[in-house]
Amino acid sequence: LFNKSRFIFGLAQAKEFIRKSGFVVIVEGNMDVISSHQAGVPEAVATSGTAMTEQHLKILNRLTDDIRLAYDGDAAGVKAAERAIDLANKLGINLKIISGYHGAKDPDELIQKDPKLWQEAVDERIPAVDWLLNKYEENLNLRTAPGKKQYSDVALKLLSYVKDEVERASYEKKVA
C-alpha cells in the first residue's frame with residue numbers, strides 16, 4: 001500500500017508551484033517542507049528521510065529539470081547528498097545543491113532564524129559537481145599523495161558524467 005521509494009511528501013501541494021517557477025527543492029524532512037511552504041518556498045518537497053531513489057528523481061524530473069537538493073549539513077546529510085548526486089548523474093540529471101545555511105543544521109532551523117535567509121539560499125544554489133569537489137577539497141589533505149589520489153578518484157568519476165565538452169574541460173582544469 002505504501003511505497004517509500006516513490007512517495008514524495010508535499011508534492012501534491014507543491015506541484016503547481018514547481019511548474020510555475022521551474023524548479024523543485026528537495027529537503028530531508030517533513031518539517032523542512034512545512035516550514036519552507038510557510039516561509040515562501042512552496043516548491044519544497046521531501047523524500048522519506050535521505051532515501052533518494054531513481055523513482056523520486058524521475059517523478060520530479062518530469063516536472064522540471066532544475067532540481068535543487070537541500071539536505072541537512074551534518075555528515076549523514078552530506079553522504080546522502082553524495083549518493084543522490086551519483087544517482088542523478090547516472091540518470092543524466094544535473095542536480096544543484098543548496099548549502100548556505102548560515103550555521104543552521106537544516107532548512108527548518110534556518111527558517112526559524114530568518115525566512116529570508118532560506119529564500120536567499122534557495123536562489124544561491126550551486127552545481128552538484130562544484131559542491132562535491134569543494135567538500136572533498138575541505139575534507140582531504142591535498143598536500144599528501146593519498147589525499148590527492150582520493151580527490152582525483154572522486155573527481156574523475158564525477159567528470160565521467162559531465163557530457164558538455166566545455167564544462168568538462170573547465171572542471172578538468174580546476175581538478176588539475
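1. At what angle do α7 and helix α9 pack, and how far apart are their axes? In this predicted model, the angle between α7 and helix α9 (residues 165-175) is about 10°, and the axes lie 12 Å apart. Helix α7 is therefore roughly parallel to α9, since angles under 35 degrees are classed that way. On the α7 side the contact involves Val129, Asp130, Leu133, Asn134 and Glu137, which meet Tyr171, Lys174 and Val175 of α9.

2. The sheet is open and has five strands, in the order β2-β1-β3-β4-β5, with mixed pairing. Its edges are formed by β2 (44-46) and β5 (126-127); each has a single partner strand, so one side of each lacks a neighbour in the sheet. Helix α4 (residues 75-91) packs on this sheet and touches β3 (67-70) and β4 (95-97). The direction of α4 makes about 155° with that of β4.

3. The pairing can be followed strand by strand. Strand β1 (residues 24-27) pairs with β2 in the parallel sense over three bridges, and β1 also pairs with β3 in the parallel sense, over four bridges. Valine 27 takes part on both sides: it stands opposite alanine 46 in β2, and its bridge partner in β3 is alanine 70. Strands β3 and β4 run parallel and are joined by three bridges, with leucine 69 standing opposite isoleucine 97 in β4.

4. Strand β3 is covered on both faces. Ile67 and Leu69 are buried on one side, and Arg68 and Ala70 are buried on the other.

5. Which residues touch the most other members of the largest nonpolar core? They are Val45, Leu69 and Leu95, in a core of 39 residues. The elements giving two or more residues to this core are α1 (11-21), β1, α3, β3, α4, β4, α7 and α8. Helix α4 gives the most, with seven residues. Another core, of 18 residues, lies apart from this one; among its members are Val27, Val41, Ala44 and Ile111.

6. With neighbours within four places in sequence left aside, the contacts of valine 45 include Ile8, Phe9, Gly10 and Leu11.

7. The whole structure holds nine salt bridges. One of them joins the side chains of aspartate 66 and arginine 68, at 2.8 Å from N to O. Asp66, Arg68 and Lys96 are linked in a network of salt bridges.

8. Helix α7 (residues 128-139) contains lysine 135 and glutamate 138, which are three residues apart and so separated by about one helical turn. Their side chains meet in a salt bridge of 3.9 Å, N to O.

9. Helix α8 (residues 145-159) holds lysine 149 and aspartate 153, four residues apart, or about one turn of the helix. The side chains of lysine 149 and aspartate 153 form a salt bridge of 2.8 Å, N to O. Aspartate 153 is partly exposed, at 41% relative accessibility. In general, side chains of opposite charge can pair when their charged atoms come close.

10. Threonine 53 is found in the loop between β2 and α3 (54-63). Is threonine 53 buried or exposed? Threonine 53 is buried, because its relative accessible area of 17% falls under 20%. With neighbours within four places in sequence set aside, threonine 53 is in contact with Ser5 and Leu87.

Terms used
Residues numbered from 1 in each chain as written. Predicted model: local features only at pLDDT ≥ 70, side-chain atom pairs only at ≥ 80, totals over all residues. Heavy atoms only, no water. Pairing = 2+ DSSP bridges. Contact = heavy atoms within 4.5 Å. Axes fitted to C-alpha atoms, helices over the stretch in contact; angles between N-to-C directions. Buried < 20%, exposed > 50% of the residue type's maximum accessible area, 1.4 Å probe, protein only. Salt bridge = Lys/Arg side-chain N within 4 Å of Asp/Glu carboxyl O. Core = buried A, V, L, I, M, F, W, Y, C linked by side-chain atoms within 4.5 Å. Parallel < 35°, antiparallel > 145°, perpendicular 65-115°, else oblique.
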